[in-house]
Amino acid sequence: TLEEISQKNATSTKMRPSTSQSVFDDHRVGDHTKGLTNSQSGYLDRTTNNLSRVQQEHVTPKFDIYGNLVQSKRKNLAENGTAKLPSGWTSPGAKKPMYQTRTELMESRRKERIPDLTYDLDGDGIVGGRDLVIAKHFDKDKDGRLNTAERKAANEALRNGFERKFVWGVEQCGADRPYRLMQRRGKILDSDDFGSLKETYPKHPDSEIKPLHRTRSELLEVRRKANLDNLAEQKKRWDIENPSEVVQKQVRSEFYVEKPTHRSYSQITEEKRLKARADAGLTVQTSDIKVVNKDPSTTYKSTPEVGTKKDLEQKRREKDLNDFLKLQNSNHVDSIQRLQDRELSLVRLAINGKKGKTYREVCENRKKGTLDYNMRTFSNPSIGIHGRELPKFGESQRKEWWKNKEGYNPNPNSTSHTFLKQRQKFWAKDDDLLINEHVEHKPGPDAFKADHKMRERREEVPEKINQVNHFPGMNENALEMDVKKV
């Protein structure tokens with residue numbers, strides 16, 4: 001126990017003499033103390049006591065790695081060899097400590113850190129981090145568990161949105177999270193929304209005052225317009241008081257008519273047009289040439305011209321018959337006559353022996369004729385310097401471009417370049433011929449070399465520019481004499 005430890009330390013301190021005291025006793029016993037007076041002996045005793053006290057209080061100085069002195073925090077718990085202990089530890093009626101060793105204390109604290117199962121608010125059988133934080137707010141008596149009333153209050157708060165007052169999952173990103181998150185005056189703020197921070201400030205007394213102008217620019221604009229209106233008003237008053245011109249009284253002509261019969265020349269023209277229509281026997285107002293009495297309408301007629309559909313069909317048949325009687329004297333061709341005419345035309349074509357045209361050829365000719373007519377009538381021809389229309393590409397290229405070359409042979413002996421080269425190889429023979437059957441043909445002399453003869457060159461080519469004779473008809477010696485005379 002602590003009491004036994006303190007008694008043991010005190011006994012060992014009394015039994016162990018100090019070094020300075022033993023050294024002093026040796027000196028006193030020696031010859032050095034002989035012949036001292038009482039005052040000298042007292043001084044020697046005081047010095048010995050001070051030396052003993054200094055040695056007991058001395059602490060070896062300590063320095064850190066940078067050479068700085070480290071102050072010792074050790075306290076002198078013992079005085080005169082005996083440690084001072086609290087009176088409550090050694091008194092007979094002292095309370096026994098709850099934990100005898102530090103291991104028991106640490107074990108108890110570790111068990112206290114394990115939350116009670118009543119903190120499980122979501123009912124999953126495990127007390128998670130979110131359950132522990134919320135349950136701590138409702139553990140009023142701080143006994144490490146929730147009773148019935150506290151658990152009821154916690155469930156009610158969760159239903160009312162108490163969990164939304166916190167920001168969860170922040171610890172997943174660590175301290176170096178890329179987004180900003182802080183708490184100011186009870187409000188949790190992030191980088192996306194700082195608007196809730198204004199709710200923590202007191203209401204400004206001028207916040208209820210609605211200004212006439214929201215910005216300074218708007219205020220300056222209003223003032224500028226007011227100044228312009230003021231200047232315009234002053235200008236108007238100045239013009240009234242100081243007119244720039246005096247209005248003269250209107251002087252009318254002597255031929256002026258107050259109320260004329262015609263106000264404009266167009267009115268006179270319109271009257272003349274109506275009078276001309278009346279003189280020609282026409283109506284004053286123009287009317288539509290259509291017969292308006294036959295227009296369909298939805299008005300009911302009690303006595304219509306045709307009462308039933310049968311009467312309407314009979315009336316239409318009579319009208320068609322009258323139209324046919326009017327055309328009976330015309331040259332009408334019935335279907336039999338048309339068939340006979342068609343057969344006679346085929347017979348005439350067969351007798352003449354001319355080849356007829358197909359429907360496709362007829363369409364092509366019609367299309368070509370229409371195109372030619374449009375080109376002659378509506379086209380914008382290109383006129384050349386000779387005053388006539390330039391020829392078109394289709395008209396100028398009547399045959400392929402390679403056929404326009406001079407010396408073109410439409411039926412050559414060799415139809416390909418490969419066949420031509422093969423024919424020019426006089427030694428080329430088929431592989432199935434024997435060697436003894438091969439007859440070598442020597443080529444004749446070159447016709448160009450036989451006809452062409454090289455002309456001899458008499459003039460020598462000068463090697464230097466000063467050796468060139470610019471006067472070939474003159475003698476070189478006479479030319480040198482003339483040069484010397486000059």
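Trainee: To begin with Phe-138 and Phe-162: are they buried or exposed?
Mentor: Both Phe-138 and Phe-162 are buried. Please keep in mind that this is a predicted model.

Trainee: What do Phe-138 and Phe-162 form?
Mentor: They form an aromatic pair of the edge-to-face kind, with 5.2 Å centre to centre and 65 degrees between the planes.

Trainee: Where do Phe-138 and Phe-162 lie in the chain?
Mentor: Phe-138 belongs to helix H6 (residues 129-138), while Phe-162 is in the loop between helix H7 (148-159) and strand E5 (181-184), so the pair ties together parts that are 24 residues apart in sequence.

Trainee: Which residues make up the cluster that ring pairs link?
Mentor: Phe-138, Phe-162 and Phe-166 are joined into a cluster by ring pairs.

Trainee: And how many aromatic pairs does the structure hold?
Mentor: There are three aromatic pairs. One of the pairs in the structure is formed by Tyr-373 and Phe-378, and this pair is edge-to-face, at 6.3 Å centre to centre with 90 degrees between the planes.

Trainee: Is Tyr-373 buried, partly exposed or exposed?
Mentor: Tyr-373 has a relative accessible area of 45%, so it is partly exposed.

Trainee: Then why does Phe-378 count as exposed?
Mentor: Phe-378 counts as exposed because its relative accessibility is 63%, and the cut-off for exposed is over 50%.

Trainee: A change of topic: which residue lies over the face of Tyr-201?
Mentor: That is Arg-185, at 4.5 Å from the ring centre of Tyr-201.

Trainee: Now the surface. What do Trp-401, Trp-402 and Tyr-408 form?
Mentor: These three residues form a nonpolar patch on the surface, and together they have about 410 Å² of accessible area.

Trainee: Where is Trp-401?
Mentor: Trp-401 is found in the loop between helix H13 (393-396) and helix H14 (417-424). With a relative accessibility of 67%, Trp-401 counts as exposed.

Trainee: Stepping back, how many helices and strands does the chain have?
Mentor: The chain has 16 helices and six strands.

Trainee: What share of the residues of the chain count as buried?
Mentor: Of its 486 residues, 7% count as buried. The accessible surface of the chain comes to about 47,600 Å², and 54% of that surface belongs to carbon and sulfur atoms.

Trainee: And among contacts between residues at least 6 apart in sequence, what share join residues at least 24 apart?
Mentor: For the contacts in the chain between residues at least 6 apart in sequence, 25% join residues at least 24 apart.

Note on methods
Residues numbered from 1 in each chain as written. Predicted model: local features only at pLDDT ≥ 70, side-chain atom pairs only at ≥ 80, totals over all residues. Heavy atoms only, no water. Phe/Tyr/Trp six-rings, centres within 6.5 Å; stacked < 30°, edge-to-face > 60°. Helix = DSSP H or I, 4+ residues; strand = E, 2+ residues; numbered from the N terminus. Buried < 20%, exposed > 50% of the residue type's maximum accessible area, 1.4 Å probe, protein only. Lys NZ or Arg CZ within 6 Å of the ring centre and 35° of its normal. Contact = heavy atoms within 4.5 Å. Areas by Shrake-Rupley, 256 points an atom, 1.4 Å probe, with all protein chains shown as cover. Patch = residues over 30% accessible without salt bridge, like charges linked within 9 Å, V, L, I, M, F, W, Y side chains within 5 Å. Salt bridge = Lys/Arg side-chain N within 4 Å of Asp/Glu carboxyl O.
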